[in-house]
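Open the structure in your viewer and keep the sequence panel beside it. The stops below say what to select next and what is there.

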Amino acid sequence: MLEKGGKLAVLAIDPSSERSKGSILGDKTRMEQLSVHPKSFIRPSPSAGSLGGVARKTRETIVLCEAAGFDKIFVETVGVGQSETAVHSMVDFFLLIQLAGTGDELQGIKRGIMEMADGIVINKADGDNLERAKLAATQFRNALHLFPAPESGWTPQVLTYSGFYNIGVKEIWDMIYEYIDFVKTNGYFEYRRNEQSKYWMYETINEQLRDSFYHNPEIEAMLLEKEQQVLQGNLTSFIAAKSLLDTYFADLKRDD
């Protein structure tokens, strides 16, 4: 891909430990050739509890990479199916990678992440695992028929590939380019970009308000006390929350 021109950025999100809050950040060690390529950039980041395993500044990093001339940007996520909305709201193509033998159609249906996927690929389709990979692809295709049609009008494809032997990678790129051409032609590409910008405007507002609330000195002084009152059964969660919010808004009015 890089030999044909262009620049590639990989923004890899490593899961953070719930206990220590630390991350290994070892993605570069798995990308031996790519990490030394002059036209590539790899940036591992800790999820640090952010929604969907996406580091807080990932979208801003995407904007910076685009400004620096990177025309292809991968965002690798932690893979928590229930909260990947954040990823879906910052990329043009959402690719779901699965392994053969990890679940049947019913398990696939339970995973809301499938509804967001623009394409699904089954990895390790080689050797003794080839037939299982083909069977898994068939199961996912059948499961996709049970979902509502995507807003883009695109029908998600299910492919198999082998990362180790580099088999099927070209077909994946062909699928991605076909999708981009399709949504640019019907106008969905621009519409989705605009919706993403709107989504992140509100997310930024919510994040700033949350930070402002929890870093307010009066709230910091009251928070532990209210928490203990809730745990002891002296206050309901709703009354405690209302008391904290009333204090916060009163403090804002005094500042005015």
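Two strands pair if DSSP finds at least two bridges between them. Helices (H or I, at least four residues) and strands (E, at least two) are DSSP runs, numbered from the N terminus.

This is a predicted model, in which local features need pLDDT of at least 70 and side-chain atom pairs count only at pLDDT 80 or more, while totals for chains, interfaces and linings use all residues. Residues are numbered from 1 along each chain as its sequence is written, and side-chain values use heavy atoms, with hydrogens and water left out.

**Stop 1: the sheet**

Select S4, S5 and S6. These three strands form an open sheet in the order S4-S5-S6, with parallel pairing. Strand S4 (95-99) and strand S6 (157-160) are at the edges with a single partner strand each, so one side of each has no neighbour in the sheet. On average, neighbouring strands of this sheet are turned by 25° against each other, direction ignored.

Next, select residues 119-123, which are strand S5; S4 and S5 pair in the parallel sense over five bridges. Leu-99 is found opposite Asn-123 in S5.

**Stop 2: helices on the sheet**

Contact here means heavy atoms within 4.5 Å. Axes are lines fitted to C-alpha atoms, for helices over the stretch in contact, and angles run from 0 to 180 degrees between N-to-C directions.

Select residues 130-144: this is helix H6, which packs on the sheet and touches S4, S5 and S6, its direction making about 175° with that of S6. Then select residues 169-186, helix H7, which lies across S4, S5 and S6 and runs at about 165° to S6.

**Stop 3: Arg-192**

Which helix holds Arg-192? Arg-192 is in helix H8 (residues 188-214). At 7% relative accessibility, Arg-192 counts as buried (under 20% relative accessible area; exposed is over 50%, partly exposed in between, with a 1.4 Å probe and protein chains only).

Show what surrounds this side chain. Apart from neighbours within four places in sequence, Arg-192 is in contact with His-88, Val-91, Asp-92, Asp-118 and Tyr-179. The C-alpha atoms of Arg-192 and Ser-89 are separated by 8.6 Å, although the two residues are 103 residues apart along the chain.

**Stop 4: H9 and H10**

Finally, select helix H9 (residues 217-231) and helix H10 (residues 237-255), whose axes come within 10 Å and cross at roughly 170°.
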